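Reader: I would like to learn how to read a few features in a model like this one. Could we go through them together, step by step?
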Amino acid sequence: DLGSDVPTPVAFEDRVILASDKGKVQCLDVNTGKTLWSHQFPKSRLAFSASPVIAGEHLYFTREDATTYVGRLGSDGLKEVAENKLDASTVSTPVFASGRIFLRTFESIY
């Protein structure tokens, strides 16, 4: 019941985050497999096809309507801190490079 067909898990420290195409993320301890916490991002008729990305203490997860949700990672869970919407559609995972975030939509690169 963990993960999905499309988003790839992301590992950091001694944890792994599995994400579903319906916006649910679960954090597991890599040594025990125990679920440490779970979080549900806002649901929509559109899926999350991009993979989650971790940069610093934040997790970024982009939905197909080009809305990227940002959550601060903590030992007790994930706290949503931002929601960034582009007027576009995407199935691409954001790329972080040179202090910038790049996101490819069907029509443009932001």
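This is a predicted model: local features need pLDDT of at least 70, side-chain atom pairs count only at pLDDT 80 or more; totals for chains, interfaces and linings use all residues.

Reader: What do the side chains of Arg63 and Asp65 form where they meet?

Author: A salt bridge, with 2.9 Å from N to O. The criterion is a Lys or Arg side-chain nitrogen within 4 Å of a carboxyl oxygen of Asp or Glu, so this pair qualifies.

Reader: How many salt bridges does the structure hold?

Author: There are four. One of them joins the side chains of Arg72 and Glu57 at 3.2 Å, N to O. That pair links distant parts of the chain, 15 residues apart: Arg72 lies in strand 7 (residues 67-74), and Glu57 in the loop between strand 5 (53-55) and strand 6 (58-62).

Reader: Why do Arg72 and Glu57 count as partly exposed?

Author: Partly exposed is the range between the 20% limit for buried and the 50% limit for exposed. Arg72 has a relative accessible area of 34%, so it belongs there, and Glu57 does too because its value is 45%.

Reader: Which residues are linked in a network of salt bridges?

Author: Glu13, Asp14 and Arg15 are. Asp14 counts as partly exposed because its relative accessibility is 39%, whereas Arg15 counts as buried at 13%.

Reader: Arg15 also belongs to a strand, I see. How should I read the two faces of a strand?

Author: The general idea is that side chains in a regular strand alternate between the two faces of the sheet. In strand 2 (residues 15-19), five of the five residues are buried. Arg15, Ile17 and Ala19 lie on one side, Val16 and Leu18 on the other, and both faces are covered.

Reader: And which strands does strand 2 pair with?

Author: In general, strands of a sheet pair through backbone hydrogen bonds, in a parallel or an antiparallel way. Here, strand 2 runs antiparallel to strand 1 (residues 10-12), with three bridges, and antiparallel to strand 3 (residues 24-29), with five bridges. Follow Val16 to see both pairings: Ala11 has Val16 as its bridge partner in strand 2, and Val16 has Leu28 as its partner in strand 3.

Reader: What is the strand order in the open sheet of four strands?

Author: The order is 5-6-7-8, with antiparallel pairing. Strand 5 and strand 8 (77-85) are at the edges; each has a single partner strand, so one side of each lacks a neighbour in the sheet. On average, neighbouring strands of this sheet are turned by 25 degrees against each other, direction ignored. Strand 5 and strand 6 pair over three bridges, and Val53 stands opposite Tyr60 in strand 6.

Note on methods. Residues are numbered from 1 along each chain as its sequence is written. Side-chain values use heavy atoms; hydrogens and water are left out. Buried means under 20% relative accessible area, exposed over 50%, partly exposed in between (1.4 Å probe, protein chains only). Helices (H or I, at least four residues) and strands (E, at least two) are DSSP runs, numbered from the N terminus. Two strands pair if DSSP finds at least two bridges between them. Axes are lines fitted to C-alpha atoms, for helices over the stretch in contact, and angles run from 0 to 180 degrees between N-to-C directions.
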